[in-house]
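Dear colleague,

Please read them with the structure open beside you.

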Amino acid sequence: MSPRKAAALRDGTDGLSLREHLVATAGRLIAERGTTGLTVRDIARAARVADGVLYNHFEGKEELLALALHAHVRSVERDLGPLPARPGEGTVAGNLRACLAYGLALHKAFLPAFAGLLSQPEVLARFDALPNPLGEGRGLQAMLAGYLRAERDLGRLTPSADPEAAATLLVGVCHELVLPRLLQGAAPGSIVTPPGHVEALISTLMNGIAPPPTA
């Protein structure tokens, strides 16, 4: 006789296996409350299984959290959609404003989960060992660099422009505006970019900071 299914699966979970159900449940909890203080018992109760069931499907809590975090990042990216910039359309400055807003939303959505894992390096190491959750070349920095490279090829940026360096600066801005506030205990929804700050950042990036050449 085959073993009885867990109650959660008997009631239906869209055809998921128990392992997939546990990852999905942990991912939902991460999205709702982050990873700080998240326990095996919390996940088991939300999944409606006994605590020990998790150890039948994962090496431990660290593997489950890494997989759930991976799924959470994928879900955030799917919800936000593609990078809001098309080469050759609108203005480069306007597109970069939209990209920066996109990057800030992305960071506010998934950085709280990572901030809660600073004391759990094994989870982060397991996460790093997994394939890129956004797909190869789909990280924010890679997408921004690709967009800027295309604009440079169209002649809308100076030929000497460095797309990779500019993309790194933009991603760094997202980290700087979000991560320190999270580490200070701020809720993601309370993190507001100072008025005019984005405009000043984009203007500085577009215009540079070197003095104009003298005659």
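The helices named in these notes are DSSP runs (H or I, at least four residues; strands are E runs of at least two), numbered from the N terminus. This is a predicted model, in which local features need pLDDT of at least 70 and side-chain atom pairs count only at pLDDT 80 or more, while totals for chains, interfaces and linings use all residues. Residues are numbered from 1 along each chain as its sequence is written, and side-chain values use heavy atoms, with hydrogens and water left out.

I begin with Thr-25, which lies in helix H2. Thr-25 is buried, its relative accessible area being 4%, where buried means under 20%, exposed over 50% and partly exposed in between (1.4 Å probe, protein chains only). If neighbours within four places in sequence are set aside, Thr-25 is in contact with Ile-43, Ala-46 and Ala-47, contact being taken as heavy atoms within 4.5 Å.

Two packed helices are described by the angle between their axes and the distance between the axes. Here the axes are lines fitted to C-alpha atoms, for helices over the stretch in contact, and the angles run from 0 to 180 degrees between N-to-C directions.

Helix H2 (residues 18-33) and helix H5 (residues 61-80) have axes that come within 8 Å and cross at roughly 70°. That makes H2 roughly perpendicular to H5, on a scale where angles under 35 degrees count as roughly parallel, over 145 as roughly antiparallel, 65 to 115 as roughly perpendicular and the rest as oblique. The crossing of H2 past H5 is right-handed, which is the term used if the near helix is turned clockwise from the far one by less than a right angle, left-handed being the anticlockwise case. On the H2 side the contact involves Arg-19, Leu-22, Val-23, Ala-26, Gly-27, Ile-30 and Ala-31, and on the H5 side Glu-63, Leu-64, Leu-65, Leu-67, Ala-68, Leu-69, Ala-71 and His-72. By class, the residues of this contact are 11 nonpolar, two polar and two charged, with Ala, Val, Leu, Ile, Met, Phe, Trp, Tyr, Cys and Pro counted as nonpolar, Asp, Glu, Lys and Arg as charged, and the others, Gly among them, as polar.

His-72, in helix H5, is buried at a relative accessible area of 7%. Apart from neighbours within four places in sequence, His-72 is in contact with Gly-27, Ile-30 and Ala-31, and also with Ala-109, Phe-110 and Ala-113.

Helix H8 (residues 140-153) packs against H9 at an angle of about 135°, the axes being 8 Å apart, and the two helices are therefore oblique to each other. Their crossing is right-handed. Leu-140, Gln-141, Leu-144, Ala-145, Leu-148, Arg-149 and Arg-152 of H8 meet Pro-163, Glu-164, Ala-166, Ala-167, Thr-168, Leu-170 and Val-171 of H9, giving nine nonpolar, two polar and three charged residues.

Helix H9 (residues 163-183) also holds Val-178, which counts as buried at 1% relative accessibility. Beyond residues up to four places away in sequence, Val-178 touches Leu-104, His-107, Lys-108, Leu-111 and Ile-191.

The aromatic rings deserve a separate look. Two aromatic pairs were found in a search of the whole structure, where rings of Phe, Tyr and Trp (its six-membered ring) pair if their centres lie within 6.5 Å, and planes under 30 degrees apart count as stacked, over 60 as edge-to-face and the rest as tilted. Phe-110 and Phe-114 form an edge-to-face pair, with 5.8 Å centre to centre and 75° between the planes; both lie in helix H6 (residues 92-115), four residues apart, about one turn of the helix. Phe-114 and Phe-127 form an edge-to-face pair as well, at 5.1 Å centre to centre and 80° between the planes. Phe-114 lies in helix H6 and Phe-127 in helix H7 (residues 121-129), so this pair ties together parts that are 13 residues apart in sequence. Phe-110 and Phe-114 are both buried, Phe-127 is buried too, and ring pairs link the three into a cluster.

Finally, Arg-48 has a positive phi of about 60° although it is not a glycine. Arg-48 lies in the loop between helix H3 (40-47) and helix H4 (54-57), and at 46% relative accessibility it counts as partly exposed.
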